[in-house]
Amino acid sequence: MTVAPKVGFGQGERWGARGDDEALSLERPRLEDDPPSEVPQACWLEGDAVWLQIEGLDHGHQVVLLGAMGAWIEPDYRTSFPFGSVASVRLYFRGVEIGPLPALLALQSMGLRGPLVGLVFQEVSARAGGQIRDALRALVDAGAAKAAAANLFRPSASDAGQVREIIDDPGRVRDILSVLLRKKGVVRDAPEGAPSMCVMLSEVGAGTVRWFGIEGWSEAAAVEIAGHSSVFRFNIRAEQVRPGEVVSALPARVERVRHSLQQRGVEVELTARFLHPHWLHLPPVEAEVVDVSFSSLRLALGRGQPPLEPRLQLALELPDGDDGVIHLKGEVRSVSAGEGASAELCAVRVVAAKREDERRWLRLVSRILHATTYGGTAWQAEFWDLFASSGYFNLSGRRPEHFESIKPSFMRMAQRAAAAPHLLHNVTCLSEHGIEGNFSVMKPYHGTWMFHQLAKRPKSASNLSSRQVLRDIFTRCCEYALSDPECRWVIVYAEAHVAWNERSFFEFARRHEATGLALALPFRLMGVDVPLLPPQGAWADGGPFEIGEATPAEQAALLGQLCATSPRIVTEALDLVPGRLAMGPCIERWRSAGLERERAVLVAREGGEALAAAVVELGELGTNLFRLLDSVRLVPLRPGGDAALGPLLDAVCAWFQRHDRTSFIHFGERGRLTYSGPASLNDLGEGRLWIIARELVPEFVEHVYRLTEPKPAHR
């Protein structure tokens, strides 16, 4: 069994903001009408600015970590804190009393900083929440507070309701078990006296199933194995018992329970190690990892281990497979144990402690979960051939030669993506014959991941079917996006008349559109080629219109118009809302990675009144072959505003020319654009802006999983 090296606890740098030295600067570019910077969800505090009083205790405590979700103090080793109970708490800041607030007390290990007493607020009134945010804003402005990683501290969103399905068709049962081959499972209801066991499905025959990893077991038992975002449960009885293995009949039925997070069985031996927060004097606990996802894992704790309970905060270590250690911060979500079992199973939500841990964690989970896909930058020389053979270069009426000019930038970006996995990632499906398919993801907005550049080789000499290629790359991209705690939306700019897009994206969006969490918005995609030598003065004065950067009032008018005419899901996902119009944090992240990202708002005025606005965006050249990040959206602000769109587009051409771009994209959400200026417009056809909320991503994975089920075998 692979065991994490017994080093690391109390030896790494203390935890602070997500990658403490990589925290975003509070000084960021913003448009004039943007309100002040968003207050971090939690902040490390310096000095004794905020104090906390727990009802029933004699003295107050200095707050070292504060957020709207809770406060953390350092134990004084004299006070007996009522851990596990809810107490009434009051905060004090500059003479202002905040509270009382009911808070659950828990102990959390914080590396070199030592354990902290966490008080997780159970209810926060609007007034108290506002007072806490005001205090944090004042402390940040004074330089007495620094943003902290709030992923573990914010209240855990309740999981979406489970979906249960009983499958009793023998063919489907066999197909399901075939998918679960070599996945680690757990015996939940073992015979009395039998040891707790982790088992692995090794072979599925016509009417039998072979298991290994079992010793001394011959009676009936219930087995549970995690699949693609589902857990499968079934009863089996041993018919043949051999050393280390059991042969049973094919189960008569399987129960499928779909959860809100993707979590699949681990095919390798993996051990996690952590200090128990309530038993810090004991040696680290070692637990076997049963199944895992990018954002969670499940642990099997043996007899005699200190028990865990929901909401406990853990500092975990795992081996990364390369002689290194991954440090994770975790929160116990649930604890369960089968009847008669000597071990308990603990579901733990995890995030990486630092940026380097995040990269190692993504690599480890990718290796465990995705046998056919690779997330990285190798095989770049084959990318171009894949796009050509898949027909990608012929989408939207384009021809392959159109993309030759961007090829060098694309190839460079494919290599540079490895240094910025929090912004860009390529997922390739590989076989012994090379790349079979590709899907890319990037984070162009604050809480939004965009899927793009889907390409699949039409025919392959490998044993991978087209359905498996699609399933594997879609699953990995979705799980990659969900591994980002900030992810709120997933978007795709999809061509409207592609059969796969209709069955996968659009059908799913229609089914869930009524919830307000999914949408497929039609648009007309236009390619705009910027003239190298525009006519003298053509872009200088806008004809009868005055064109310039938007004032604060004009920005507010633009946001009001978008709010009135666009679905909320669109404005939220694209950062077209107050406070995020300037895309400050997003731009800062891209620039800190050495990548271009910019947004500007231009307006056309007549008689001092704004008639129309252009939201212009720029991205690093080569991030997308269709240049989707070099784009403009034109928005009339009042009746008659359409007349200003042509001169406004000319001004946009000048803006892109100043940024060394020869072309860009216009998203025509109001249809075709009427234009007679010097720029060349190319109608690239109808598209759909597909958006789903984070909550629906697991269900979308299930949707793709059903679409890509293997064709029934002839029996």
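Predicted model: local features only at pLDDT ≥ 70, side-chain atom pairs only at ≥ 80, totals over all residues.
Residues are numbered from 1 along each chain as its sequence is written, and side-chain values use heavy atoms, with hydrogens and water left out. Local features need pLDDT of at least 70, and side-chain atom pairs count only at pLDDT 80 or more, whereas totals for chains, interfaces and linings use all residues.

Side chains of opposite charge can pair when their charged atoms come close. The structure holds 27 salt bridges, a salt bridge being a side-chain nitrogen of Lys or Arg within 4 Å of a carboxyl oxygen of Asp or Glu. One of these joins Arg-233 to Glu-224, with 2.9 Å between the closest N and O atoms. Accessibility is described here as buried (under 20% relative accessible area), exposed (over 50%) or partly exposed (in between), using a 1.4 Å probe and protein chains only. Arg-233 is partly exposed at 28%, while Glu-224 is buried at 4%.

A salt bridge also forms between the side chains of Arg-524 and Asp-683, at 3.0 Å from N to O. This pair links distant parts of the chain, 159 residues apart: Arg-524 belongs to strand 29 (residues 518-529) and Asp-683 to strand 35 (residues 680-693). Strands are DSSP runs (E, at least two residues), numbered from the N terminus. Arg-524 has a relative accessible area of 15% and is buried, whereas Asp-683, at 35%, is partly exposed.

In the salt bridge between Arg-580 and Glu-572, the N to O distance is 3.0 Å. Both Arg-580 and Glu-572 are buried.

Terms used
Helix = DSSP H or I, 4+ residues; strand = E, 2+ residues; numbered from the N terminus.
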